[in-house]
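Please look through the sequence and the model below before reading on.

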Amino acid sequence: MNASNHVRIVEVGPRDGLQNEKAMLPAAVKVDLIDRLSATGLQTIEATSFVSPKWVPQLADAAEVFAAIRKAPGVVYPVLVPNLQGYERALAVGATEVAVFTAASEAFNQKNINASIDASIDRFVPVMERARADGVAVRGYVSTVLGCPYQGEVPVADVVRVAKRLHDLGCHEVSLGDTIGVGTPAKARAMLRAVAAEVPMAALAVHFHDTYGQALANILACLEEGVRVVDSAVSGTGGCPYARGATGNVASEDVVYMLHGMGMATGVDLDRLIDTGAWLAAQLGKDTASRVTRARTAA
Ligand code: HMG
Ligand code: MG
């Protein structure tokens, strides 16, 4: 059991949250969002994604956004990169941490990055080599850890194999993604326990989408198992454009509210986070998906 009381939130709203938005958001609004998030006490804010702009047009402005954000002291701003081309674009604007991503399901990987699991990892090898030489930290994502929209069930052994491979390659942290939010607490706990037998718990994070309303329950089960890094998105935005049926990430406001209610520390100012979530929902012309923000901002 992990006795630590501190949970690090990895805010993925500016990347995962926005990548699935159909209406193009101006770069200046994205910069404003990240600057607002930087003032909440968050330590890690995934800022954008240097993937192919043909695949994710919403984040075609990654370089412009990354260059313009105010880099707050003590805050890390990782960015997603699928290959060396993405890494070079990210480095050109001064990224100090990148995230590579693959999946435990072959079918999903083909749809999302047009590659098999092994081929995607082969693409990461030169990224890892360059990152090591450049002193750039690399995070790794494993998607579809509790189910795949195309293949259905995903064997836990496949999740363990891919997570271990990313860790062995040099990813300092491996985030386990329930991309389509189908997981339930006992399954989430069993999956995390199996991965933690091969990768140290301190190097693991959990990433739940809330499609079926299970995300907070799953996070609680994983906290009990010992994880202390949780991905979430302000206002509950998010979803992968290549995962059929995937909706938003668990809302950061709701995660922080739950953690503080349990006596755990995040360093995040919940009121500022709620203000930021309400502001983002207005920018997107949508109702917030955060229950906490809804409760606090109700007229
Ligand atoms: P491809 O078409 O197989 O790649 O795409 P390619 O190498 O053949 O290149 C095709 C074109 O893309 C070329 O341009 C390249 O230059 C360009 P053209 O010659 O046709 O003009 N290209 C790039 N341009 C800019 N930046 C780059 C880049 N790479 C190639 N980095 C590729 C393969 C991986 C590039 C593509 O499939 C892709 O970008 N996919 C991204 C999909 C994506 O972003 N999905 C969402 C993120 S994953 C997620 O959300 C899950 C997560 O949240 C965890 C969870 O919830 O489980 C992380
Ligand atoms: Mg995601």
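What volume does the largest cavity have? The largest cavity has a volume of about 30 Å³, and a search of the whole structure finds 1 cavity of 30 Å³ or more. This is a predicted model, in which local features need pLDDT of at least 70 and side-chain atom pairs count only at pLDDT 80 or more, while totals for chains, interfaces and linings use all residues. Residues are numbered from 1 along each chain as its sequence is written, chains are lettered from A and ligands numbered from 1 in the order in which they are written, and side-chain values use heavy atoms, with hydrogens and water left out.

**Empty space**

Rolling a probe the size of a water molecule over the atoms shows where empty space is left. On a 1 Å grid over the protein atoms alone, a cavity is a set of points where a 1.4 Å probe fits but cannot get out, whereas a pocket is an open set with protein on both sides within 12 Å along at least five of seven lines, and lining residues have an atom within 4 Å of a point. Grid points are joined across faces, edges and corners, and a volume is the space filled by probe spheres set on the points.

The largest cavity is lined by Pro14, Leu18, Lys30, Ile34, Ala47, Thr48, Leu59 and Val65, and helix 1 and helix 2 (27-38) each supply at least two residues of this lining. Helices (H or I, at least four residues) and strands (E, at least two) are DSSP runs, numbered from the N terminus.

The largest pocket is lined by 32 residues, and Val51, Pro82, Phe101, Asn112 and Ile113 lie nearest its centre. The elements that give two or more residues to the lining of this pocket are helix 1, helix 4 (84-92), helix 5 (106-113) and strand 6 (137-143). The table sets out volumes and lining classes, where Ala, Val, Leu, Ile, Met, Phe, Trp, Tyr, Cys and Pro count as nonpolar, Asp, Glu, Lys and Arg as charged, and the others, Gly among them, as polar.

| Space | Volume | Lining residues by class |
|---|---|---|
| Largest pocket | about 550 Å³ | 14 nonpolar, 14 polar, 4 charged |
| Second largest pocket | about 190 Å³ | 5 nonpolar, 5 polar, 3 charged |
| Largest cavity | about 30 Å³ | 6 nonpolar, 1 polar, 1 charged |

Oxygen atoms of ligand 1 lie 2.7 Å from a polar side-chain atom of glutamine 19 and 2.8 Å from one of asparagine 114, while a nitrogen atom of ligand 1 is 2.8 Å from an N or O atom in the side chain of asparagine 112.

Asparagine 109 lies in helix 5, and its side chain reaches the backbone nitrogen of alanine 103 at 3.4 Å.

**The magnesium ion**

Asp16 (OD), His207 (NE2) and His209 (NE2) coordinate the magnesium ion (ligand 2) at 2.0 to 2.3 Å. Donors are N, O and S atoms within 2.8 Å of the metal (3.2 Å for Na, K and Ca), and water is not among the atoms, so sites may look incomplete.

Terms used
Polar contact = N/O pair within 3.5 Å; in protein donor to acceptor, adjacent residues only side chain to side chain.
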